[in-house]
There are 4 protein chains.
Amino acid sequence: MPPPDIVRAAYASLRVTDIARARWFWVDLLGFNVSDEDATTVYLRGSDELIHHNLVLRAGEAPALEYLSYRVRAPEDLARGAAWFERRGCRTRWFPRGTTEGIGESVRVEDPLGFTVELFHEASRMERLMQRYDLRRGAEPARIDHFNLVVPDVRRAFDHYRSLGFGCSETIEDDSTLYAAWMFRKQTVHDVAFTGGAGPRLHHLGFFTPESHNVQRICDVLGALHEEGHRERGPGRHGVSNAFYVYLRDPDGHRVEIYTSDYYTGDPGLETLRWGVDDPRRRDFYGNDVIPSWYTEATVVLDLDGAVRPVGDIRQISEARVGADGFAAAASPLESAGSAK
Amino acid sequence: MPPPDIVRAAYASLRVTDIARARWFWVDLLGFNVSDEDATTVYLRGSDELIHHNLVLRAGEAPALEYLSYRVRAPEDLARGAAWFERRGCRTRWFPRGTTEGIGESVRVEDPLGFTVELFHEASRMERLMQRYDLRRGAEPARIDHFNLVVPDVRRAFDHYRSLGFGCSETIEDDSTLYAAWMFRKQTVHDVAFTGGAGPRLHHLGFFTPESHNVQRICDVLGALHEEGHRERGPGRHGVSNAFYVYLRDPDGHRVEIYTSDYYTGDPGLETLRWGVDDPRRRDFYGNDVIPSWYTEATVVLDLDGAVRPVGDIRQISEARVGADGFAAAASPLESAGSAK
Amino acid sequence: MPPPDIVRAAYASLRVTDIARARWFWVDLLGFNVSDEDATTVYLRGSDELIHHNLVLRAGEAPALEYLSYRVRAPEDLARGAAWFERRGCRTRWFPRGTTEGIGESVRVEDPLGFTVELFHEASRMERLMQRYDLRRGAEPARIDHFNLVVPDVRRAFDHYRSLGFGCSETIEDDSTLYAAWMFRKQTVHDVAFTGGAGPRLHHLGFFTPESHNVQRICDVLGALHEEGHRERGPGRHGVSNAFYVYLRDPDGHRVEIYTSDYYTGDPGLETLRWGVDDPRRRDFYGNDVIPSWYTEATVVLDLDGAVRPVGDIRQISEARVGADGFAAAASPLESAGSAK
Amino acid sequence: MPPPDIVRAAYASLRVTDIARARWFWVDLLGFNVSDEDATTVYLRGSDELIHHNLVLRAGEAPALEYLSYRVRAPEDLARGAAWFERRGCRTRWFPRGTTEGIGESVRVEDPLGFTVELFHEASRMERLMQRYDLRRGAEPARIDHFNLVVPDVRRAFDHYRSLGFGCSETIEDDSTLYAAWMFRKQTVHDVAFTGGAGPRLHHLGFFTPESHNVQRICDVLGALHEEGHRERGPGRHGVSNAFYVYLRDPDGHRVEIYTSDYYTGDPGLETLRWGVDDPRRRDFYGNDVIPSWYTEATVVLDLDGAVRPVGDIRQISEARVGADGFAAAASPLESAGSAK
């Protein structure tokens, strides 16, 4: 039974507790374009995006990830996807066109890793904004690049996505443990990546911006507004992916990466690049240590019924403890590395 | 009969009249990495490239394009490709592994447009140089991006590549004429593009560099060495593709584009972006006119036997005459627009 | 009799025919900050500027330069300046504090070159906006850099400013003629420069922006709005000054340069860098030709009574004719090089 | 008695323990240009520098700062400077032309802060390398920007340099304490700055590079060579000065800042910008904490006889303890903040 033909990571739907404050952060500050909105929901897209949105912000009681959404190549990939997940014992549910603004019929599943994942093919075409330089501001987000997921068992997540037809561009590992993996369908370093930790939780959403000075600019704007507390880590260059990055936290604590550079992965037989967990350059090529909160804090996820999924402890050695960031000694702030925030 | 599954533009093989001088230009100045070389041949790759090369420079009597080379997805795409072209009445010829350093078995064809085109699957893996920032210099070429071909009939070239399974990201056209088209297999704006003119000739090879300051840098280096005569057009931003660019000419007059930015084209149902021939931004988003030599000069191409292909006059209205660049009045320098150089 | 101690080029006052349209160009598009405004006048400053303004736009019947304004070191430099110019037979006139918003007492003179020049010391302090990255847009002008003046006799202009205590960083010359000169008081390449042509006229106002991607950005914004007609020349790097630049024209045809990079000139005994008029890199380090309009079009200047100064023919060989830009052959568009627009 | 007319910070002379290794770091890696060298000494300058050097590396037993050197406006400023310092009870010593390669007659003093300071006027002119883009590499250092000094009493250092005629662009302070100050002669943010700590010691030498992507590049190169241990802090933007920066350590532990952006300070009456010690943006505008080693480690200085000056404990509250970097809790790594390394 073939898996659905997933094209790419397309959008995520986040619960936010204050829609006005979230809109300020994502639209006014980061520079996303509003495709549509009402009193409780805002639909956002990057300037290069041609479909309706890359992000849905929905007002709710508590911060959470509602679901991740992948676009599939053809309408028939929806039924193929539903069958593929059902064969693995996953709950699935169909949604008619229009359930989400701008998105056609879709199927959502509770995947084996505990995330709610949507597949869709049809989407509304939007005005091209790529060359509307007059509208650009903040981080100048161009397109969604990837989802990064916190999972208790990285190997299991890797195997699941491998069976879904994802390639693997890079890993962090040692002889016994896979600490992290970057996997792709589109021809970039990743559509999805895994960080070992208490999960299932959403680690971050990654958005692509054209050049590294755009990464710098959003940091400059945050400082200008004395909102630098929204910056969590960076700017810097990743060893993995070679991308220049900064991590921010939105008003609900959802983490977002502004990301640029990356490389082409479309050739057949691409060899996985394997980084040692003791290489200080793997997560910051300049040698800056990762910070503890980056390893411990993340967003809980909802099931198909909108209930928060329980967060299970990490089931492998934590990269935060054995990695080159020097946290082994400073154990106290990481005691909770294996617990939900 | 299905076409071969082409993955991407992989490399080109150029005849150069002075191999030492060509090596100075492509290696010392532009910053390509030498994968291999002997007295008469140099194999070059960009810093991101994982296969053996993106360019072959081969010493010869006169400047010419030997062939363009596409990588195909699977070994069986060679036979499928040979059959597909033979069905169209094209001559084909097989070459065993090692004919070209680093390339496995291949088949070359004289395509219906008059270009010699190679298909190959197998290639040697090379050391990753992407993060060897200590080796970067000049234009910091990362990977080959595209071939740009001068053809007398753009619609015919478009139809041929459409039948080969290429998508079309952008065009320049008016009600009656297709002046130029950008077509892709990998998920970028193009692997191949067509410029209307006396052909078949190679207009230019396009190489990707990470950021726009890299485009600026190669111009700075040329000025520093008083070699600014190698710069032909730019720097500027293209309307088509949104890329930031500069065009250079090598010591034999072969044109090379240093190119950055671009966008993702991998979604199903991508809508072609159509530019009017009278939009001054189509070829330079800042409104700088294209220069006459860019429309008239190009590299002749060789057939399977190494003979120069005759160059036929343009068979449609020339963009150089009707386009927004203001050349209609200044007819004299463009009298030869329809003739070989 | 010592000259006044001029600190730097501080601001210019321009007549514009449509104040709303001018405000759109300078504020909304280029990104200047409004310090003050009323129905007929707008006062603008760059983000780094600490005094009231770098530019005054004043509604009037026809486009013109009202005057150039230099800041002097001490209050007593006003009387010293008045005396110095009067000794040279120049008309002078005093203006009390507040004549121009934000500027203290000043003296204006009709200088020997035919320009109306103001000296002032006292100025209102404004809020620092340098780190208000949230307010930046367009070309992100930071400060006024220089005035560029069209004069019929460059040597005479050079001698005048030399006697005023200006240093000379660079020139364009040959054995018999001084074609252009760059002269400074602050420690940059220039506060004032001279272009040979029919004058007195204002060639352009130069504003500094932090980095070259800011130069690129304003070009991108113009293209986005299909206002690329406001771009006249560039982007490129100057040989002279090593600055990265673009020239724009405002709705009244006033020319503005967005300029970055430059170098330090504060050491004693700085040696003048002399460029040959036949070096294609002198005005564009990449070898792009200057365009005819850049040599022929400019803004007329007003005398102390607000009357337009007559424009006299160039009194030396024109750089436009002998320079490396290849205009000698294409004489027709330059027939008027020696005449007022 | 007037102070000598100091033009700017010109160069520093450093003792290094392995001249070959130091040359690798400063020349091969950072990209300085060698003006002269012999078996024990290397003279280096940035690409914009027109005098002989900005840095002298001299082989010695132990790492140290030999002296700081300022250029003065006129030859007679040497005697004026000697007298001025002698009046303050400072030892002075004269050195004939040629004592240091490329430098004319000079006088050195042991200043009241415990640093050996040289004054010189005459210097050899060197070839302009500013536009030799073909030679640029690494951090592309253009010119020396400033000296940063560790002093036990910042107010005293401030008063000393104020009496020498330096202006003050910015400070870090609170109601009772001056924690740091930036002071200038040339028209930039500083030629010299003070950091409170055990001193006298040299905190770092600051070199200017054209744009922020050049700061990023040296970090990329260090990562590429797995020499990221030479990076100590950054990249980031300073609140103070608005400059984009990174701090590196050379093989002897001498700290160097690669620095870009800055602003013009040449107007009369420049108002000092005062940052609160509790503003997390003062030292990193993005809110990244300063790291402990940056506050505690520095280079000892030599007296006129070449002996190491004793290092006295800090005599004020340490910014490392009260500043916004959160080190108050983490006292242990800072116990030695008041001691020599």
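Colleague: Across which strands of chain D does helix H2 lie, and at what angle does helix H2 run to S7(D)?

Modeller: In this predicted model, local features need pLDDT of at least 70 and side-chain atom pairs count only at pLDDT 80 or more, while totals for chains, interfaces and linings use all residues. Residues are numbered from 1 along each chain as its sequence is written, and chains are lettered from A and ligands numbered from 1 in the order in which they are written. Helices (H or I, at least four residues) and strands (E, at least two) are DSSP runs, numbered from the N terminus; axes are lines fitted to C-alpha atoms, for helices over the stretch in contact (C-beta atoms, placed from the backbone, within 7 Å), with angles from 0 to 180 degrees between N-to-C directions. Helix H2 (77-87) of chain D lies across S5, S6, S7 and S8, and its angle to S7(D) is about 15°.

Colleague: Which strands of chain D stand at the edges of the open sheet of eight strands?

Modeller: The strand order is S2-S3-S4-S1-S5-S8-S7-S6 in chain D, with mixed pairing, where a pair needs at least two DSSP bridges. Each edge strand has a single partner, so one side of it is left without a neighbour in the sheet; these strands are S2 (33-37) and S6 (92-95) of chain D.

Colleague: What is the bridge partner of Phe95(D) in S7(D)?

Modeller: S6(D) pairs with S7 (106-110) of chain D in the antiparallel sense, over four bridges. The partner of Phe95(D) in S7(D) is Ser106(D).

Colleague: Which element gives the most to the side of chain A that touches chain D?

Modeller: Here 17 residues of chain A are in contact with 17 residues of chain D. Helix H4 (212-224) and strand S14 (231-237) of chain A each give two or more residues to that side. The most, seven residues, comes from H4(A).

Conventions:
Contact = placed C-beta atoms within 7 Å.
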